[in-house]
Amino acid sequence: PDEQLDLDDGRWEDIHVVTGALKLFLRELPEPLPAPHCAFPPLAEIQDPSMRGRCIRDLVLSLPPAHHDTMKVLFRHLCRVIEHKEENRMSVQSVAIVFGPTLLRPASEEGNMAMHMVFQNQVVEHILNHYGYIFPD
């Protein structure tokens with residue numbers, strides 16, 4: 001149904017509510033935003049930093065337009081959040097920990113979840129640190 005959302009409603013003042021709603025939306029997508037599930041190789045397998053950067057950029061550029069454009073807007077916003085890390089205590093690492101598992105969830109729940117989380121955080125952190133290179137204007 002077409003529900004009108006009143007962002008001036010007091011329940012949206014708590015940033016945790018807004019962030020939780022965003023994460024829930026992203027988690028409930030039929031497939032993760034950067035589809036398909038296993039698009040990103042484990043960064044530890046790519047030793048050369050410039051090769052790692054090119055690989056991630058090429059994968060992001062190869063995403064379907066809707067996925068690419070949504071990621072661009074989301075990561076641009078997350079970069080703005082990080083610009084205010086002195087006030088909000090959300091560093092690149094913190095944002096990667098919060099959004100990594102939501103954005104890059106594994107295709108199955110099998111395997112080492114701790115390793116999945118390290119991998120997810122690394123990829124999100126890399127995209128945040130190299131936003132201008134990965135999403136050129």
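## Overall fold

The secondary structure of this predicted model comes to seven helices and zero strands, where helices (H or I, at least four residues) and strands (E, at least two) are DSSP runs numbered from the N terminus. Read along the sequence, the chain therefore follows the pattern α-α-α-α-α-α-α. Of the 137 residues in the chain, 32% are buried, a term that means under 20% relative accessible area, with exposed meaning over 50% and partly exposed lying in between (1.4 Å probe, protein chains only).

Residues are numbered from 1 along each chain as its sequence is written, and side-chain values use heavy atoms, with hydrogens and water left out. Because the model is predicted, local features need pLDDT of at least 70 and side-chain atom pairs count only at pLDDT 80 or more, whereas totals for chains, interfaces and linings use all residues.

Helix α2 covers residues 49–61, and its 13 residues should span 18 Å at 1.5 Å a residue, which agrees with the 18 Å between its end C-alpha atoms; the expected span is 1.5 Å times one less than the number of residues. Within α2, the residues Gly53, Ile56 and Val60 are buried. They cover an arc of only 70° around the axis, which puts them on the same side of α2, the arc being that of the directions from the helix axis to the C-beta atoms. An α-helix has 3.6 residues a turn, so residues three or four places apart point the same way.

The buried residues in α3 are His67, His68, Met71, Lys72, Leu74, Phe75, Leu78, Cys79 and Ile82.

Thr102, for example, counts as buried at 4% relative accessibility.

The loop between α4 (85–88) and α5 holds Arg89, whose phi is near 60°, a positive value in a residue other than glycine. In contrast to Thr102, which is buried, Arg89 counts as exposed at 70% relative accessibility.

## Contacts across the sequence

Several pairs can be described by both their sequence separation and their C-alpha to C-alpha distance. Thr102 and Gln120 are 18 residues apart in sequence and 8.8 Å apart in space, C-alpha to C-alpha. Pro32, which lies in the loop between α1 and α2 and counts as buried at 1% relative accessibility, is 69 residues from Pro101 in sequence and 9.9 Å from Pro101 in space, C-alpha to C-alpha.

Asn129 is found in helix α6 (residues 113–129) and is partly exposed, with a relative accessible area of 46%. Asn129 and Cys79 are 50 residues apart in sequence and 8.4 Å apart in space, C-alpha to C-alpha.

## Cysteines

A disulfide is counted as a pair of cysteine sulfur atoms within 2.5 Å, and by this rule the count comes to zero disulfides. Cys79 is buried, with a relative accessible area of 16%, whereas Cys55 is partly exposed, with a relative accessible area of 22%.

## The largest pocket

About 440 Å³ of space lies in the largest pocket. On a 1 Å grid over the protein atoms alone, a pocket is an open set of points where a 1.4 Å probe fits, with protein on both sides within 12 Å along at least five of seven lines, and lining residues have an atom within 4 Å of a point. Grid points are joined across faces, edges and corners, and the volume is the space filled by probe spheres set on the points.

The lining comprises 14 residues, of which Ile15, Thr19, His77, Val81 and Phe99 lie nearest the centre of the pocket. By class, the lining has nine nonpolar, four polar and one charged residues, where Ala, Val, Leu, Ile, Met, Phe, Trp, Tyr, Cys and Pro count as nonpolar, Asp, Glu, Lys and Arg as charged, and the others, Gly among them, as polar.
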